[in-house]
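Subject: Handover of a structure and notes on it

Dear colleague,

Please find the structure below, together with the notes I promised on it. I would be grateful if you read the two side by side.

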Amino acid sequence: IRSGKQVATISVGADSIRQAVRAIALSREFLRPDGIAVTMQPANVEVDMEGKTRVAVQINVVWASTEK
């Protein structure tokens with residue numbers, strides 16, 4: 001995020017999605033002192049896992065603003 005690169009996670013399953021959301025929430029707290037605010041943009045995507053198509057959640061982390 002700081003270097004301007006796009007950040008996203010792709011998660012399959014409730015536990016994986018919960019961990020991704022927790023990690024993003026922690027990153028918000030980590031970036032806040034530097035005046036960086038981020039938001040999440042979730043989307044459903046299809047991924048191929050071992051030859052099977054599964055529905056997953058992709059969470060894009062987007063730089064929302066600078067709060068200084």
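In which strand does Ser11 lie? Ser11 belongs to strand E1. Before I describe this residue further, please keep in mind that the model is a predicted one.

**Confidence of the model**

The mean pLDDT of the chain is 91, and 96% of the residues reach a score of at least 70. Among the elements of the chain, the highest mean pLDDT, 95, belongs to strand E1 (residues 7-11). The lowest, 90, belongs to strand E3 (residues 52-66).

**Ser11 and its surroundings**

Is Ser11 buried or exposed? Its relative accessible area is 4%, and buried means under 20%, so Ser11 counts as buried. The side chain of Ser11 forms a polar contact with the side chain of Ser16, at 3.4 Å. Leaving out residues up to four places away in sequence, Ser11 touches Ser16, Ile17, Ala20, Ala56 and Val57.

Which residues make up the largest nonpolar core? This core has 8 residues, namely Ala20, Ile24, Leu31, Ile36, Val38, Val57, Ile59 and Val61. At least two of its residues come from each of helix H1 (14-31), strand E2 (36-49) and strand E3. As general background, nonpolar side chains in soluble globular proteins tend to be buried together.

At 1.5 Å a residue, the 18 residues of H1 should span 26 Å, and the C-alpha atoms at its ends are 26 Å apart, so the two values agree.

The buried residues of H1 are Ala20, Ile24 and Leu31. They lie on the same side of H1, because the arc that they cover around the axis is only 35°. On the face of H1 turned away from this buried side are the exposed residues Ala14, Asp15, Arg22, Leu26 and Phe30.

Val21 is also found in helix H1. With a relative accessible area of 33%, which falls between the limits of 20% and 50%, Val21 counts as partly exposed. Apart from its neighbours within four places in sequence, Val21 is in contact with Met40 and Ile59. Val21 and Ser11 are 10 residues apart along the chain, and their C-alpha atoms are separated by 10.0 Å.

**Strand E2**

Ile36, one of the core residues, lies in strand E2. Ile36 is buried, with a relative accessible area of 8%. When its neighbours within four places in sequence are left aside, its contacts are Ile1, Arg2, Leu31, Trp63 and Ser65. How far apart in space are Ile36 and Ser65, C-alpha to C-alpha? Although 29 residues separate Ile36 and Ser65 in sequence, the distance between their C-alpha atoms is 6.2 Å.

Gln41 lies in strand E2 as well. Gln41 has a relative accessibility of 42% and counts as partly exposed. Residues up to four places away in sequence aside, Gln41 touches Gln58, Ile59, Asn60 and Val62. Gln41 and Gln58 are 17 residues apart in sequence, and 8.2 Å lie between their C-alpha atoms.

In general, most residues other than glycine have a negative phi. Glu50 is located in the loop between E2 and E3. Glu50 is exposed, because its relative accessible area is 83% and the cut-off for exposed is over 50%.

Asn60, by contrast, is a buried residue, with a relative accessible area of 16%. Asn60 lies in strand E3, and its side chain makes a polar contact with the side chain of Gln58, at 2.9 Å. Setting aside neighbours within four places in sequence, Asn60 is in contact with Gln6, Val7, Ala8, Thr39, Met40 and Gln41.

Yours sincerely,
A colleague

Notes
Residues numbered from 1 in each chain as written. Predicted model: local features only at pLDDT ≥ 70, side-chain atom pairs only at ≥ 80, totals over all residues. Heavy atoms only, no water. pLDDT = per-residue confidence, 0-100. Helix = DSSP H or I, 4+ residues; strand = E, 2+ residues; numbered from the N terminus. Core = buried A, V, L, I, M, F, W, Y, C linked by side-chain atoms within 4.5 Å. Buried < 20%, exposed > 50% of the residue type's maximum accessible area, 1.4 Å probe, protein only. Expected span 1.5 Å × (residues − 1). Arc of directions from axis to C-beta. Contact = heavy atoms within 4.5 Å. Polar contact = N/O pair within 3.5 Å; in protein donor to acceptor, adjacent residues only side chain to side chain.
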